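Visitor: I've got this one open on my screen and I'd like to talk through how the chains sit together. Can you walk me through it?

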2 protein chains.
Amino acid sequence: MYQQTLPIILASKSPRRQELLKSMNLDFEVVLKELDESYPVGLLPAEIAVHIAEKKAAAFLELSFAHIVITADTIVAYKNQILGKPSDAKHAKEILETLSGTNHQVYTGVSISYNGKTASFFDVTEVFFNELTAEQIDYYITNCNPFDKAGAYGIQDWIGLIGVEKIIGSYTNVMGLPTEKLYNALLSI
Amino acid sequence: MYQQTLPIILASKSPRRQELLKSMNLDFEVVLKELDESYPVGLLPAEIAVHIAEKKAAAFLELSFAHIVITADTIVAYKNQILGKPSDAKHAKEILETLSGTNHQVYTGVSISYNGKTASFFDVTEVFFNELTAEQIDYYITNCNPFDKAGAYGIQDWIGLIGVEKIIGSYTNVMGLPTEKLYNALLSI
């Protein structure tokens, strides 16, 4: 059982990640920095998620001598193509039309930094969407503003509830933080 | 897209079901009756879940002429053995020790009654638990009191977050209401 001995810093503004870490009964503080989330060409989806999580971790490394720092990055891949955060409603619609009636992968890379060292891992979940109608997609974009979400949807949102037929893997990974893998990684520090 | 024209009654005291139906943006009212949840011997897990959902539906049938009535029952099966709601902490511990380090099935039967008729369906999700330590099981039972939950756990609770490695199927089905199948069933009324 994980006994928290050091203060944890979650370097993420995602309310879903904050909520999940809270439900894991961990005490933490949110610390944010504006970071460049670019990545080199040629990386696979899992490598991109880990690359960005590690880039975030590097920016917080000095804090890791007195804290455990958790950073994460979630990306959505469809046929190895990365579907990022939508730039506007039109882009969100295009992404959701791509995901409709088929399956895609959600990758979350996580880095844990402690004592100047960083360890990283990722988790992947397969998500199967029903056919979504244009009306459902428009309703969702208008009412839920999914512009801060990779893949233009939150699985816990209306469209996830009515549109996701099944997943294979971790649900919390799709929300942005693979809690089970994170817990086991914390245990091994 | 489902356009609600009739008031919905959710005949369930489960806060998880109420929360999920609310997140589906449906207007509903909760109406409760004390019901006998027994079932005949010899039924398969899916049949038990549907049998109990239909038994609940029968008790609310008179309301179905002016409302859509939704009833549901969730059961947990391990090797075709039904793991019900725990009677006490010792029983909860036995159930969680059974689920630890292996996979089990969660079935939710749902009935929708309208105009004196009832249609039913079920969904099933495979849930894979890590090995849970005695300390984790005790901590969970003491702090989360899972006595109202089939299988002695809530997937959205601490033990689900740290202990569930993956699922195959619908996450909301494990919470007690398969929202995607329910939405499609409402569309076809």
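Predicted model: local features only at pLDDT ≥ 70, side-chain atom pairs only at ≥ 80, totals over all residues.

Visitor: What rotation superposes chain B on chain A?

Guide: The superposition has an RMSD of 0.0 Å, with 0.0 Å of shift along the axis. The two copies are therefore related as by a two-fold rotation axis. The same surface serves both copies, as 100% of the contact residues of chain B recur in chain A. The rotation itself is 180 degrees.

Visitor: Which element gives the most to the side of chain B that touches chain A?

Guide: On chain B, 26 residues are in contact with 26 residues of chain A. Elements giving two or more residues to that side of chain B include helix H1 (15-23), helix H4 (134-144) and helix H7 (179-187). The top contributor, with 6 residues, is E7(B).

Visitor: By class, how many nonpolar residues does the side of chain B that touches chain A have?

Guide: Let's take the other classes before that one. That side of chain B has 4 charged residues and 10 polar ones. Its nonpolar residues number 12.

Conventions: Residues numbered from 1 in each chain as written. Chains lettered and ligands numbered in written order. Contact = placed C-beta atoms within 7 Å. Helix = DSSP H or I, 4+ residues; strand = E, 2+ residues; numbered from the N terminus. Nonpolar A, V, L, I, M, F, W, Y, C, P; charged D, E, K, R; others polar. Least-squares fit on C-alpha atoms with pLDDT ≥ 70 in both.
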